[in-house]
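Dear colleague,

Please find the structure below, handed over for your use.

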Amino acid sequence: MQPPPSSTNLHQPPRPGEVCRELLAAVEASEGRRKRRKRDTTPDVIGLAIKRDLLDRAVAADPDADEFEAWLLEQCAAAGPAEGGMRAMALSIFEEWRLALGAGSFRDWLVQGAPSDDASGET
């Protein structure tokens, strides 16, 4: 019996789509933190929406690891006038993906669902 392709497979690095699925849980924690801020968080809402959309597309497309950076650049180019914001979020996602590949503790946190007190949604 073969194990399912998942983050528990220690012999292969995770695919970008898998890590992006896990990063979506971390975005939820950011949303909880944003709601408690006393300042105008409109820019945060916009940035998180762009990031969430890009993560959703990465999960759906699940590009190969060696093509992930190029895939992200294609998404930026297709964004037209919104390319600046898309590029910032793409860079953030790419850095988080690389961190997940290299830092076991970060990867473990993602696999656990990115647990955070900020994700509780209390305001």
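**Aromatic cluster and helix packing**

Phe-68, Trp-71, Phe-94 and Trp-97 come together in one aromatic cluster. Please note that this is a predicted model, in which local features need pLDDT of at least 70 and side-chain atom pairs count only at pLDDT 80 or more, while totals for chains, interfaces and linings use all residues. Residues are numbered from 1 along each chain as its sequence is written, and side-chain values use heavy atoms, with hydrogens and water left out.

In total, the structure holds five aromatic pairs (rings of Phe, Tyr and Trp, the last by its six-membered ring, pair if their centres lie within 6.5 Å; planes under 30 degrees apart count as stacked, over 60 as edge-to-face and the rest as tilted). One of them joins Phe-68 and Trp-97 in an edge-to-face arrangement, at 5.2 Å centre to centre and with 70° between the planes. This pair links distant parts of the chain, since Phe-68 lies in helix α3 and Trp-97 in helix α4 (residues 83–102), 29 residues apart. Both Phe-68 and Trp-97 are buried (buried means under 20% relative accessible area, exposed over 50%, and partly exposed in between, with a 1.4 Å probe and protein chains only).

As to the overall fold, the protein chain has five helices and zero strands (helices, H or I of at least four residues, and strands, E of at least two, are DSSP runs numbered from the N terminus). Of its 123 residues, 37% count as buried. Among contacts between residues at least 6 apart in sequence, 69% join residues at least 24 apart (contact means heavy atoms within 4.5 Å).

Helix α3 spans residues 68–78, and its buried residues are Phe-68, Trp-71, Leu-72, Gln-75 and Cys-76. Seen down the axis of α3, these buried residues fall within an arc of 145°, so they line one face of the helix (the arc is that of the directions from the helix axis to the C-beta atoms). Ala-77 and Ala-78, on the other side of α3, are exposed. Gly-80 follows α3 and has a positive phi, near 60°. Asp-62 counts as partly exposed, at 26% relative accessibility.

Helix α4 packs against helix α5 (residues 104–111) at an angle of about 105°, with the axes 6 Å apart (axes are lines fitted to C-alpha atoms, for helices over the stretch in contact, and angles run from 0 to 180 degrees between N-to-C directions). The two helices are therefore roughly perpendicular to each other (65 to 115 degrees; under 35 counts as roughly parallel, over 145 as roughly antiparallel and the rest as oblique). On the α4 side, Glu-96, Leu-99, Ala-100 and Gly-102 meet Gly-104, Phe-106, Arg-107 and Leu-110 of α5. Phe-106, Arg-107 and Leu-110 are also the buried residues of α5. Viewed down the axis of α5, they fall within an arc of 100°, so they line one face of the helix. Just after α5, Gly-113 takes a positive phi of about 95°.

How many disulfides are there? The count comes to zero, a disulfide being a pair of cysteine sulfur atoms within 2.5 Å. Cys-20 is buried, with a relative accessible area of 0%, and Cys-76 counts as buried at 1% relative accessibility.

Yours sincerely
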